[in-house]
Amino acid sequence: MMQNSNISPEVEEQMIDAAYQNLLNGYLSSNHRKKVEIIDKAFKFARDAHKGIRRRSGEPYIMHPIAVATIVSQEIGLGSTSISAALLHDVVEDTDYTVDDIEAQFGKKIAQIVDGLTKISGGIFGDKASVQAENFRKLLLTMSEDIRVVLIKMADRLHNMRTLSSMPPNKQYKIAGETLYIYAPLAQRLGLYAIKTELEDLSFKYNHPQEYERICSLIDASEERRNELFTRFAAPIRERLDNMGLDYTFTVRVKSCYSIWKKMQRKHIPFEEVYDLYAARIVFQCDGEDNEKRLCWNIYDQITEVYTKHPDRVRDWLTTPKVNKYQALHVTVMGPDGDWIEVQIRSKRMDDIAERGFAAHWKYKIGEGEEEKELVRWLQTITDILKEPEPNAIDFLDTIKLNLFASEIIVFTPKGETMTLPKGASVLDMAFALHTDLGTHCIAGKVNHELVPLSYKLSSGDQVEIITSNVDFPKDEWKKFVITAKGKTRLRAALRHKRRLIIDKGEQRFMDFLASHNIEFSNEILSQAISRQFVANKEELFYMIGNDEIQLNEDMITKKEHGARFNWWRRNPFKGKDNHKGDTTQEASQAIDTKKVYRLVTRDGVSNYQIASCCHPIPGDDTVGFLSEDNKVIVHKMDCSTLARLKASYGSRLLQTQWEEYSDRFQASVHIVGIDQKGILQSIVNIISTNMSINMKKMNVTADQGVFSCDLDVLVSDATVVTNLCREIKKVKGVNSATRMS
Ligand code: MN
């Protein structure tokens with residue numbers, strides 16, 4: 001054992017006192033009640049008990065418990081009981097004192113914690129698998145008795161890792177492996193994010209020393225450029241935040257060596273291509289939790305007004321916090337030099353929770369019930385597994401590891417690599433997590449070698465293979481079973497891309513059609529087409545043409561009295577959601593394929609047609625006229641079933657119709673279904689009367705076992721209004737569908 005013979009006992013005393021004073025000062029500046037007496041007693045007891053003993057590094061042993069207590073207090077945020085237990089944590093293990101002695105001096109609670117810590121003092125990775133399993137079992141059992149045992153154990157492990165260099169290499173390797181295998185994931189599960197990161201980095205340092213050194217030096221080499229870039233990047237944002245009157249810090253931090261290395265491994269890329277090497281962080285002071293989210297978004301607005309944001313890299317952990325309660329808003333923007341820079345926006349409270357996790361919740365006392373329930377549930381799972389341990393120790397360890405995250409699952413790729421996904425994730429989530437291309441082209445999955453649909457919910461331990469096809473496209477319905485943030489944003493981007501392709505195709509068809517009829521393209525022709533099709537804009541028009549919802553049809557070029565009028569399109573009756581009538585509709589549409597078009601006109605309140613009471617068509621609908629016995633034209637929707645029957649007997653009385661002039665209000669019915677909740681009806685009424693000024697004729701609302709349904713009759717000028725109305729109503733929270741009924 002090394003001896004620091006050149007340090008005098010007096011200097012050593014001063015060193016110990018200074019370390020202890022540092023611990024006390026930190027404690028006194030915390031929010032905890034100031035119970036210095038018990039801490040002081042624990043310190044003196046431990047100092048005397050460990051007197052004359054040195055660590056492998058040569059320093060007095062008491063320096064270790066002081067350091068552990070300091071981590072417990074300043075990095076985890078625990079109070080006097082935990083600090084005292086941390087100071088005493090090695091007394092029973094390493095000296096002649098017993099748990100009873102501790103209880104006599106410090107009471108039952110502290111003694112219990114020290115006892116728990118003593119039981120799990122051995123490493124988890126023993127020489128035999130059965131010893132590993134047994135030690136691990138003890139760790140988890142004590143954890144379920146008092147979570148503080150594990151939190152202090154974390155601090156102990158962190159300090160041992162920080163001072164690992166004085167251990168012989170074979171021990172370093174073993175301790176580092178064990179840390180990465182169980183302590184880092186456990187720290188993450190407990191929300192101790194900073195500790196998790198440090199544990200991973202330290203493990204990495206001892207497991208892969210050369211790689212660690214190499215990445216560190218690359219980070220160092222890029223520092224000057226990085227700082228200079230950040231200063232320029234931050235300046236305009238600082239100016240805006242200052243103008244908001246915010247109290248904030250704006251810092252930049254490099255990601256951990258380990259996470260950079262993992263990314264390089266995973267993506268098979270060199271250091272230079274890790275684009276998210278560092279992240280900027282804004283932490284702002286804010287009184288009251290009500291303001292937090294709003295301020296986050298305000299700051300977000302300021303940033304995205306200065307810099308272009310990456311469309312797929314906004315992470316809203318405000319609305320849906322991570323499993324370990326992490327809350328923040330992340331946005332990636334293009335910096336002045338064209339680099340992508342991630343900015344994390346957090347309040348001080350969110351930052352504390354991000355860094356200290358579980359322990360910070362006690363400080364802020366938020367969502368206590370929720371928090372504890374979640375933890376209790378998790379501990380219960382662990383306890384259940386412990387009751388019936390696997391006979392095979394390694395299997396047992398794996399089972400525990402799979403269940404470490406009650407709200408997360410671990411699945412395997414065909415190559416045996418593991419992936420962590422939130423509970424409830426589908427095959428499609430997994431595909432998107434692996435790669436965007438896999439997500440957009442997948443058609444099914446194989447789970448444990450059995451074929452399953454994309455919506456299949458995965459469980460821990462599943463082996464998952466993604467089956468792709470190179471023709472398939474992402475579908476709107478997929479939104480229903482993608483639950484991960486990554487999957488959602490990637491799917492949205494893919495759907496946007498797909499829409500763009502259809503619009504381009506539609507535009508090409510439109511242009512080709514004009515060219516083949518020697519019509520020169522003009523904005524006038526375009527806006528005529530838009531208004532005649534009752535679509536909002538040219539994107540919508542081209543989309544419908546590209547998606548075969550509007551068919552360009554040369555037979556429909558017609559001449560009108562006042563110069564040439566081109567009726568070169570027609571909505572395809574076989575496409576779109578209102579058509580469920582199959583063959584009968586097809587027959588009807590064939591029968592009316594005459595050259596004659598009857599113009600539907602209303603002048604001075606008098607119409608040359610009647611609206612059929614069976615299907616209530618309105619302008620914008622595809623319609624067919626039926627000439628009645630008394631020579632009135634009754635207008636039906638093209639897919640009306642009554643019309644289909646009429647057609648069978650009176651095919652010659654059908655007329656092709658076209659809406660021309662109308663000032664009337666037409667009745668339309670809308671059917672709304674949703675989950676009944678407070679304010680849902682009010683929101684719907686607001687949209688109809690206030691937002692859209694639509695005249696409501698009748699409203700019939702029912703609620704049955706939580707299912708809300710509403711039949712609505714409104715008076716509108718044409719079909720677009722109803723389409724818009726349905727679209728707006730669908731946005732109301734709780735509403736599942738809003739559809740126009742015949
Ligand atoms: Mn220790």
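**Exercise 1: the metal site**

At 3% relative accessibility, His-89 counts as buried, where buried means under 20% relative accessible area, exposed over 50% and partly exposed in between (1.4 Å probe, protein chains only). The model is predicted, so local features need pLDDT of at least 70 and side-chain atom pairs count only at pLDDT 80 or more, while totals for chains, interfaces and linings use all residues. Residues are numbered from 1 along each chain as its sequence is written, and side-chain values use heavy atoms, with hydrogens and water left out.

Task: Determine which residues coordinate the manganese ion and where the donors His-89 and Asp-156 lie.

Solution. 
1. The manganese ion is coordinated at 2.2 to 2.5 Å by His-64 (NE2), His-89 (NE2), Asp-90 (OD) and Asp-156 (OD). Donors are N, O and S atoms within 2.8 Å of the metal (3.2 Å for Na, K and Ca); water is not among the atoms, so sites may look incomplete.
2. Along the chain, these donors follow the spacing H-x24-H-D-x65-D.
3. His-89 belongs to the loop between α4 and α5, whereas Asp-156 is in helix α9 (residues 147-162), so the pair ties together parts that are 67 residues apart in sequence. Helices (H or I, at least four residues) and strands (E, at least two) are DSSP runs, numbered from the N terminus.
4. Asp-156 is also buried, its relative accessible area being 8%.

**Exercise 2: the surroundings of Asp-90**

Task: Describe the location of Asp-90 and state what its side chain meets.

Solution. 
1. Asp-90 is found in the loop between α4 (80-87) and α5 (91-94).
2. Although buried, Asp-90 has no salt bridge, and the nearest side chain of opposite charge, Arg-55, is 6.9 Å away. A salt bridge is a side-chain nitrogen of Lys or Arg within 4 Å of a carboxyl oxygen of Asp or Glu; for charge, Lys and Arg count as positive and Asp and Glu as negative, with His and the chain ends not counted.
3. The side chains of Asp-90 and His-64 are joined by a polar contact of 3.5 Å. Such a contact is a pair of N or O atoms within 3.5 Å; within protein, one must be able to donate a hydrogen and the other to accept it, and residues adjacent in sequence count only if both atoms are side-chain atoms.
4. Neighbours within four places in sequence aside, Asp-90 is in contact (heavy atoms within 4.5 Å) with His-50, Tyr-61, His-64 and Thr-95.
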